[in-house]
Amino acid sequence: MTSRFLTGVLSAAAAASLVVTLAACGGTTRNDNSSSGGAAQSTAQANPNAPTKQGVKMAYLPKQLNNPYSDIEVGGGKVALDELQGQYKLVGPNDASASSQVSYINTLIQQQQDVIGIAANDPNAVCPSLNQARSSGIKVVAFDSDAAKDCRDVFINQATTEGIGEQLAKMASDLAGGSGEIAILSATPNATNQNAWIDVFRQQLTKPEYAGLNLVKVAYGNDDDQKSFQEAQGLLQSYPNLKAIVAPTTVGIAAAARYISSSAYKGKVAVTGLGTPNQMREYVKDGTVTRFALWNPADIGYLAAYAGVALASGQITGVQGQTFKAGKLGQYTIGANGEIVLGPPTVFDASNIDQYNF
Amino acid sequence: MNATKVMSPKMGSRTAAPRKFSLGGFFKAREAGIVLALIALVAFTAAQNPRFLSAQSIRDILLGTAILAVLAVGQATVMITRNIDLSVGSVLGLSAFAVGSVLQANQSLPVMVALIVGLAVGAACGLVNGVLVRFGKVPALVVTLGTLYAYRGAAYFWAGGEQINADELPAHFLKFGNSSILGIPWLVVIAAIVLVVAGVVLRNYRAGRELYAMGSSPQAAELAGIKVGRNTIAAFLVSGALAGVAGVLFAARFGTIDAAAGNGYELNVVAAAVVGGVAVFGGSGTVWGAGLGALLLTVIGSSLAVLDINQFWQQAIVGALILLAIGADRLVAVRVAKALKKRDSHV
Amino acid sequence: MSDKGNRPAFLSRPASWDAAVIVITVLVLLIASSTVENFGSSRNFSFLLLDLLPIALIALPMTFVIVTGEIDLSVASTLGLTSAVMGELWNRGLSIETIIPLCLVLGAVLGALNGFFVTVLKLPSLAVTIGTLALYRGLAFVVLGDSAVADFPRSYTSWVTGTIGDGPIPNLLIPLVVLALVFGLVLHATPIGRSVFAAGASEQAARFAGIRVGRLKFWLYVVSGLVAGLAGVLWTLRYSSARADNGLGMELAVVAAVLLGGVSIFGGKGTLPGVVAGVVLLATLQNALRLQDVSNEALNIVTGVLLIISVLLPNVITSVRAAIQRRRKRALPSPTPDTGSFAGVK
């Protein structure tokens with residue numbers, strides 16, 4: 001038994017090495033990979049005076065369903081679609097995973113939607129199916145977290161990426177007293193928006209006024225409350241001299257604040273980042289959190305709906321410079337790479353937090 | 001055969017002392033082994049980073065262990081009868097969401113009521129498992145695999161993607177999750193009570209001994225007049241009820257509940273029990289061992305964070321430990337079988 | 001009295017069970033095509049096939065493993081580890097032609113490890129594969145962490161998701177059909193297949209009959225790992241995404257499909273056509289329900305209940321048949337030849 005086993009293993013190993021040697025003589029590697037492919041940007045002409053299509057079927061596919069932030073976003077979308085006499089649908093995975101989004105995209109293609117609004121968990125993984133959707137005539141509006149730019153028609157960005165990164169760096173520095181160790185508690189490692197903001201954050205830290213700050217770690221809570229809670233716990237265990245935790249995700253900041261406010265670190269470690277007023281109110285009142293920022297997520301969904309309907313009506317095609325009207329938000333112009341920016345972020349603290357309800 | 005009967009009293013008295021020592025010694029050795037491993041791990045980690053032994057850190061570890069320990073006690077009860085319960089993670093999620101919903105609607109409910117609600121939900125789920133195993137004659141693996149899916153689906157169906165946030169739960173409930181009595185967190189106290197009660201019943205009471213007998217040899221137990229069916233259902237009932245209690249503890253500790261709570265827990269629970277000496281084949285192991293297994297797994301997780309080792313090693317380590325534990329169990333079983341054979345052969 | 005009463009009920013179970021499953025599957029397909037909007041299109045069948053492909057692939061060797069009385073719960077973790085390794089090697093610049101064979105070999109090695117624990121160390125397969133489920137998945141996370149690798153060559157990914165020409169037949173249907181035929185033939189028409197059934201029915205009797213049960217089981221685990229590795233490669237290419245958590249939890253779907261197809265969890269009984277039907281049935285239900293906007297997670301209830309019913313129902317049928325038989329025997333007068341009178345009446 002043992003000798004036959006060994007013979008089997010050896011022959012398998014020999015076969016494998018033969019295959020490897022043969023294959024090593026040629027082969028497609030990452031560097032050979034020709035860029036993009038798939039449906040490019042639409043070349044059709046936009047007709048800004050085209051009538052707005054009625055009954056547009058738009059489906060929202062946020063990063064995940066059980067996320068209060070996404071709920072507010074898509075809620076805004078529903079309001080907009082009601083105004084536009086469109087049909088609203090919400091689907092999404094319960095875990096922020098890209099493969100789950102792909103199967104929902106496939107289902108939406110099958111159900112012949114007109115527009116898909118997606119907040120991508122991974123900019124590349126959803127690309128093939130998004131392009132398949134587009135070649136079936138479905139318009140794709142990315143919001144919040146972008147997909148690769150050759151896979152979607154427009155992208156609704158909540159604020160400029162630079163603006164968010166700068167705001168985060170400023171809050172972190174103010175709260176840490178200008179110097180010391182700080183850490184970031186992010187969402188999932190591949191999330192486009194998170195990585196873009198963190199990149200700007202890092203760039204900001206190279207500026208002289210932030211020289212005293214030392215970013216010791218970027219932890220990932222996967223936008224899962226329990227994991228974020230445990231990651232916050234782990235950060236403090238590994239870096240007891242931490243001055244501030246910056247969480248550019250509403251799930252992360254809520255979990256971190258909850259952990260800190262019930263621990264010995266309350267008042268010693270600052271928690272800041274992007275959070276919703278309702279989730280953060282209790283921690284601002286009890287002193288755990290001094291300041292954090294956000295924008296109105298409902299406006300993102302609202303704007304995405306208007307953009308989607310404008311695309312479906314042929315009024316815009318996603319090219320820079322085109323404009324469209326977005327209901328109560330007013331007129332918007334498409335920027336470079338199909339990006340549409342909502343507006344600047346708002347900073348919340350004890351003085352204004354009670355004015356907001358979301 | 002006759003010769004054995006005639007000779008056995010003498011054989012029995014002659015070899016009684018050494019036989020008892022080796023079997024009892026083995027059980028003690030297993031738990032002692034875990035305690036040693038724990039001490040070594042804690043010592044090593046504390047040497048690298050003294051903060052590991054700070055009050056906050058110990059408190060966090062104990063809180064983390066509490067939930068896993070409660071689940072492991074239930075799993076051990078089932079595994080001792082030569083069954084397995086893979087649905088505990090889903091039951092925890094269902095119970096946590098149920099309790100959360102009830103508390104969300106009735107903010108003034110005392111914690112005790114919450115515990116009873118959770119226990120009841122869990123017990124109902126466990127009862128279904130037990131009945132299917134007993135009367136449907138379906139193997140526990142298949143039943144609990146199916147209910148793992150079914151209960152999780154029911155939780156998602158009910159929750160519909162919603163999430164109960166900490167600010168929607170009553171303050172006294174959350175305080176219960178984080179506060180202490182006499183310096184020991186409430187959650188740990190409850191876990192300790194569960195451990196002690198289960199340990200005492202399984203060891204000193206007839207019901208407990210019957211469970212061991214059923215696991216060692218189901219046919220012999222049946223022939224000896226043990227009500228195997230009733231005990232099987234009872235074991236699953238206990239496992240479900242404890243998973244329900246664990247759900248309440250989870251809700252109190254983390255405060256934010258959605259239908260995905262407890263996803264994937266069953267693996268850690270089975271690992272805790274197996275590492276703690278409860279054999280998958282039934283008939284051996286103690287709930288103390290399971291509790292120690294839970295503690296060991298939680299400490300490993302914390303150590304990894306403190307030593308700044310890639311946290312991802314944790315699951316791989318859990319898997320390796322399971323393999324090690326069952327290998328050790330097998331080794332001992334082989335030795336015991338040899339020893340028994342030697343004794344009976346009286347050459 | 002019909003001769004059904006003379007034939008023991010449980011022997012006729014696999015034959016009638018998987019016939020029933022096949023019939024039900026066809027019925028469900030027809031009903032779904034006519035009533036569920038958007039189901040009956042070639043594009044949807046292509047999606048359906050892609051959805052069920054990994055489960056179908058892994059179910060083929062899993063059938064063999066379960067028929068011998070063992071189980072392999074580590075298949076999804078093997079898939080995940082293979083996917084993670086694939087991503088990591090791609091990151092390091094190896095060519096895809098090198099990576100794919102390496103991943104297949106990895107799958108086989110992982111399966112061999114399982115086989116070693118079960119056949120050489122003689123550990124219970126349930127516990128072993130729970131351990132390797134954790135170990136392999138953990139290693140997948142160690143290799144690739146939380147991130148994903150998504151820029152695989154378009155020529156490969158579009159082949160995997162594409163169809164033959166412009167028609168409705170997905171490219172992957174051919175290899176799947178070929179593999180299913182091969183596995184089916186081996187199981188039902190070769191000595192190896194007969195050994196598998198024998199080993200499952202009674203390991204001791206099989207050994208006495210000269211079957212090298214240990215060696216057989218070992219190689220079954222190797223094949224199981226190899227096929228799981230293949231599924232990992234195809235999964236990665238299909239979603240164009242190598243992630244450590246690919247296929248998380250999929251082992252349950254595979255076991256559910258196999259048991260639904262009429263394979264007995266106790267070993268010794270089952271047919272491959274039944275398993276294929278079970279896989280198709282499960283995937284069709286999921287696809288059709290999803291088109292009706294039933295969430296992925298609510299589908300879990302369906303899968304769980306089906307799993308339990310698939311094992312519960314035969315037991316219930318057997319008990320009911322036995323009860324009916326007993327009642328018949330009691331009602332029948334004692335079998336005296338038709339000579340005398342009974343209680344004086346002729």
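How do the residues of the lining of the largest cavity divide into nonpolar, polar and charged? In this predicted model, that lining divides into eight nonpolar, six polar and four charged residues.

## The largest cavity

The count of cavities of 30 Å³ or more comes to five. The largest cavity holds about 160 Å³ of space. Its lining is made up of 18 residues, and those closest to the centre of the cavity are Lys63(A), Tyr69(A), Asp144(A), Gln194(A) and Asp223(A). Rolling a probe the size of a water molecule over the atoms shows where such empty space is left.

Three helices of chain A each supply at least two residues of this lining: helix 2 (68–83), helix 6 (192–205) and helix 8.

## The second largest cavity

The second largest cavity contains about 130 Å³ of space. It is lined by 15 residues, of which Ala254(A), Arg258(A), Gln279(A), Asn165(B) and Thr256(B) are the closest to its centre. Helix 8 and helix 9 of chain A are the elements that give two or more residues to the lining of this cavity. The most comes from helix 8 of chain A, with four residues.

By class, the lining of the second largest cavity has five nonpolar, six polar and four charged residues.

## Helix 8 and helix 9 of chain A

The two helices named above also pack against each other. The axes of helix 8 (residues 250–261) and helix 9 (residues 277–285) of chain A come within 10 Å and cross at roughly 25°. Angles under 35 degrees count as roughly parallel, and helix 8 and helix 9 of chain A are therefore roughly parallel to each other. Helix 8 of chain A passes helix 9 of chain A in a left-handed crossing.

On the side of helix 8 of chain A, the contact involves Thr250(A), Ile253(A), Ala254(A), Ala257(A), Arg258(A) and Ser261(A). These meet Gln279(A), Met280(A) and Tyr283(A) in helix 9 of chain A. The residues of this contact divide into five nonpolar, three polar and one charged. Ala254(A), Arg258(A) and Gln279(A), which take part in the contact, are also among the residues closest to the centre of the second largest cavity.

## Helix 11 and helix 12 of chain B

In chain B, the axes of helix 11 (residues 265–275) and helix 12 (residues 287–306) come within 7 Å and cross at roughly 120°. That angle makes helix 11 of chain B oblique to helix 12 of chain B. The crossing of helix 11 of chain B with helix 12 of chain B is right-handed.

Helix 11 of chain B contributes Asn268(B), Ala271(B), Ala272(B), Ala273(B) and Val275(B) to the contact. Their partners in helix 12 of chain B are Gly289(B), Ala290(B), Gly293(B), Ala294(B), Leu296(B) and Leu297(B). By class, the contact of helix 11 with helix 12 of chain B has eight nonpolar, three polar and no charged residues.

## Helix 12 and helix 13 of chain C

In chain C, the axes of helix 12 (residues 272–291) and helix 13 (residues 298–331) come within 10 Å and cross at roughly 155°. Helix 12 of chain C passes helix 13 of chain C in a right-handed crossing.

Leu282(C), Leu285(C), Gln286(C), Leu289(C) and Arg290(C) are the residues of helix 12 of chain C in this contact, and they meet Leu299(C), Val302(C), Thr303(C) and Leu306(C) in helix 13 of chain C. The contact of helix 12 with helix 13 of chain C divides into six nonpolar, two polar and one charged residue.

## Residues with positive phi

Most residues other than glycine have a negative phi. Asn222(A), although not a glycine, has a positive phi of about 55°. Asn222(A) is placed in the loop between strand 7 (213–220) and helix 7 (225–238) of chain A.

Arg82(B) is not a glycine either, yet has a positive phi of about 70°. The loop that holds Arg82(B) runs between helix 2 (55–80) and helix 3 (88–105) of chain B.

Conventions. Residues numbered from 1 in each chain as written. Chains lettered and ligands numbered in written order. Predicted model: local features only at pLDDT ≥ 70, side-chain atom pairs only at ≥ 80, totals over all residues. Heavy atoms only, no water. Axes fitted to C-alpha atoms, helices over the stretch in contact; angles between N-to-C directions. Parallel < 35°, antiparallel > 145°, perpendicular 65-115°, else oblique. Left-handed = near helix turned anticlockwise from the far one by under 90°. Contact = heavy atoms within 4.5 Å. Nonpolar A, V, L, I, M, F, W, Y, C, P; charged D, E, K, R; others polar. 1 Å grid on protein atoms, 1.4 Å probe; cavity = no way out; pocket = protein on both sides within 12 Å on 5 of 7 lines; lining within 4 Å. Points joined across faces, edges and corners; volume = space filled by probe spheres on them.
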